[in-house]
Amino acid sequence: MPLLQVIVLGIVQGLTEFLPISSSAHLVLISWVLGWADQGQAFDVALHVGTVAAVIVYFFRDWIQILAQGFGIRFQGDSGISRNRNLLWLLALGTLPIGIAGYIFKTQAEEVWRKNHLLIGVMMVVVGLIMWIAERVGRKQKDLGHVSAGDALAIGVAQAFAIFPGVSRSGITISAGLFRNLDRQEAARFSFLLLTPAVLAAAGKDLYDLIKHHRGIPADMQVPFAIGILVSALTGGAAIHFLLNFLRRSSLTLFVIYRVIFGIIVIALAVFRYRGG
């Protein structure tokens, strides 16, 4: 696997997994446009591992506090988390929908939908419009200390739609958080906390499958595997930091515009390719 492809895809995964612009759409379409062959299961695992590493390291102290409080242990930390001692179990509740959807639709998502470029373009536009509406109707009043079971389940159901390429896990869950009246930055924090167990489970399953079917990482993929993890982890951490700070003072409008324009371009390319071939 060429080093350039490894670095580019690692950067794209790290940035787009956390920015509300869809990692699956960008990974599929960049390879499509540049004519790159599918990177293979081993490299997909590396990208997932890098993503998990980024979110766990960035929110490490928050997760320690959430786990401690969930089991009745006092832990001095974030004031919002301190006011919601059931946050661990709310995150577990919110993770159920994506687990069910992934179990039922895994094959379609990986082998059918991700190859449908028209679907990707449509989802880019549709979720962009949903983000625009969420910005305007959400009251942006609540922090993590006020997240309820209803909030967690609603945001979790929204996350389940991320199995469709082009949706964006962070985009749809932040929007759901805004609809549930979370503050913009707090909606992003809950989104990132919620995706942690889902992405961790996906990475673990993919790694298990890789070891089971290939007896580990193929020799020719060991260096790309390590570089992919490092690049996606570093860029992922930078993306998280950027987005949380950006949302403290700005709306999602910039990402809405990007998604709609990008989606229209993808739809046009998909239609043109279909008619041409």
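Reader: Is Ser-168 buried or exposed?
Author: Welcome! This is a predicted model, where local features need pLDDT of at least 70, side-chain atom pairs count only at pLDDT 80 or more, and totals for chains, interfaces and linings use all residues. Residues are numbered from 1 along each chain as its sequence is written, and side-chain values use heavy atoms, leaving out hydrogens and water. Buried means under 20% relative accessible area, exposed over 50% and partly exposed in between, with a 1.4 Å probe and protein chains only. Ser-168 has a relative accessible area of 5%, so Ser-168 is buried.

Reader: Which residues is Ser-168 in contact with, leaving aside its neighbours within four places in sequence?
Author: Helices here are DSSP runs (H or I, at least four residues), numbered from the N terminus. Contact means heavy atoms within 4.5 Å. With those neighbours set aside, the partners of Ser-168 are Leu-19, Pro-20, Ile-21, Ser-22 and Arg-259.

Reader: How far is the backbone nitrogen of Gly-171 from a polar atom of the Ser-168 side chain?
Author: Here we look at one pair of atoms. One belongs to the side chain of Ser-168 and the other is the backbone nitrogen of Gly-171, and they lie apart by 2.9 Å.

Reader: Which element of the protein chain has the lowest mean pLDDT?
Author: pLDDT is the predictor's confidence in each residue, from 0 to 100. The chain's mean is 91, with 97% of its residues at 70 or more. Helix α8 (residues 149-160) has the highest mean among the elements, 98, while the lowest, 84, belongs to α2.

Notes. Helix = DSSP H or I, 4+ residues; strand = E, 2+ residues; numbered from the N terminus. Polar contact = N/O pair within 3.5 Å; in protein donor to acceptor, adjacent residues only side chain to side chain.
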